[in-house]
Amino acid sequence: MASYKTARTPTLEIAYYEHGSLEGWPVVLTHGFPYDIHAFDEVVPLLTSQGARVIVPYLRGYGPTRFLSSSSIRSGQQAALGSDLISLLDALHIDKAIVSGFDWGGVASCVAAALWPERIAGLVTYAGYDIIDREGQKDPVDPGLECVVWYQHLFQTERGRECLRRDRKKLCRLLWAQWSPKWRFTDEMYERTAASFENADFVDVVIQAYRFCMCNEAGDPALETFEEKLAMKPKITVPTITLDGTQDPLKPGGTSAHAKMFTGRYERAEVAAGHAIPHEAPEVWAKAILDMHQRLSASIAP
C-alpha cells in the first residue's frame with residue numbers, strides 16, 4: 001500500500017490515502033467505529049476506474065491522525081466529525097465533493113451535508129438520517145435493541161473506559177461479529193484494521209463520543225453552535241442515496257421512516273448485509289456512489 005499523506009486542519013493533522021487522478025471527480029470515504037480506512041479497500045478501485053479522485057481519511061482517534069495540541073478536547077461528538085470533514089476539504093482545496101460514510105463516517109457525512117450543503121455535491125450514507133438526537137437518547141428503546149447496544153452503556157462508566165483501554169482488540173472484534181452476523185472476516189483482515197485502534201487518543205475519543213450522545217459528558221465548547229443547529233434536526237437538502245443492511249441488529253427494520261428528513265433528490269436501498277456494508281458488499285457501495293456521480297453529471301450537462 002502506498003504511503004499515506006497528511007493534511008493540517010485547525011485541530012488535527014489528518015492522515016489520509018488518496019487514489020486516482022488529482023483531476024478526477026472528488027469523493028471522500030469515511031469509516032466508523034470500530035473500523036478504519038480498510039473498510040473501503042475493495043470500494044476504491046471500483047471508483048478510480050471510473051475517474052474518481054478518492055480520499056480516505058483516518059478519523060480523529062484512529063491510525064496516524066493526530067491532535068495538534070495536547071490541550072484539545074479529545075472529542076468524538078458529531079459536530080467534531082462533521083467539521084473535520086469540511087476542514088479536510090478546505091485543506092485539500094476541494095470546493096465540493098461527494099461524501100460517503102457509514103457508522104461514525106455516516107454521522108460525519110450527514111452533519112457536513114446538513115450544516116455545509118454548499119460543500120457537498122451528493123451524499124451516500126448508511127442508515128438514513130444519521131444525525132444524533134441527543135434529547136431522544138434519553139428515552140429507552142426496545143429492550144432487544146438496548147441489549148445490542150450494550151457497549152454504549154458500558155462506555156458510560158469508568159469500568160467501560162478501562163475495558164476498552166485494556167481489551168480494545170477483543171471488544172471491537174466482538175462488535176464486528178455481532179453487527180455483521182453473516183460476514184466471515186479473516187484474522188488478517190481484522191488485525192489490519194485493529195492496528196488503528198492503537199492511536200493514543202482512541203479510547204478518549206470513543207468514550208467521549210458515546211457519553212456525549214447520551215448526555216453524560218459535555219462537548220467541546222468551540223462546537224456548541226454547531227450542536228445547537230444539529231439539535232434542531234435540520235433537513236438534508238443535497239441529493240442523497242441511503243443504504244440499509246437487512247442483517248444489521250443495530251438498525252432493525254431499517255430507516256425508511258427517515259425519508260422526511262431529506263428534501264433533495266432521495267433514494268433508499270436495502271442490502272443483504274450487516275452493519276459494515278463497504279466491507280461486506282463493496283460493489284453495492286461503489287455502485288451507489290457511481291450512480292450519484294452519474295446523476296450529478298447529468299444534471300449539469302449542457
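**Salt bridges: a selection tour**

A search of the whole structure, a predicted model, finds 22 salt bridges. Side chains of opposite charge can pair when their charged atoms come close. The stops below visit some of these pairs.

**Stop one: D90 and R119**

Select D90 and R119. The two form a salt bridge, with the closest N and O atoms 2.7 Å apart. D90 sits in helix α2 (residues 78-91), while R119 is in the loop between α3 (104-115) and β7 (120-126), so this contact ties together parts that are 29 residues apart in sequence. Are the two partners buried or exposed? D90 has a relative accessibility of 41% and counts as partly exposed. R119, at 14%, counts as buried, because the cut-off for that class is under 20%.

**Stop two: E158 and R211**

Next, select E158 and R211. Their side chains meet in a salt bridge, 2.9 Å from N to O. The pair links distant parts of the chain: E158 belongs to helix α6 (residues 158-179) and R211 to helix α8 (residues 202-213), 53 residues apart. With a relative accessible area of 7%, R211 is buried.

**Stop three: E135 and K138**

Finally, select E135 and K138. A salt bridge joins their side chains, at 3.0 Å from N to O. Show the surface again at E135: this residue is exposed, its relative accessible area being 53%.

How values were computed: Residues are numbered from 1 along each chain as its sequence is written. This is a predicted model: local features need pLDDT of at least 70, side-chain atom pairs count only at pLDDT 80 or more; totals for chains, interfaces and linings use all residues. Side-chain values use heavy atoms; hydrogens and water are left out. A salt bridge is a side-chain nitrogen of Lys or Arg within 4 Å of a carboxyl oxygen of Asp or Glu. Helices (H or I, at least four residues) and strands (E, at least two) are DSSP runs, numbered from the N terminus. Buried means under 20% relative accessible area, exposed over 50%, partly exposed in between (1.4 Å probe, protein chains only).
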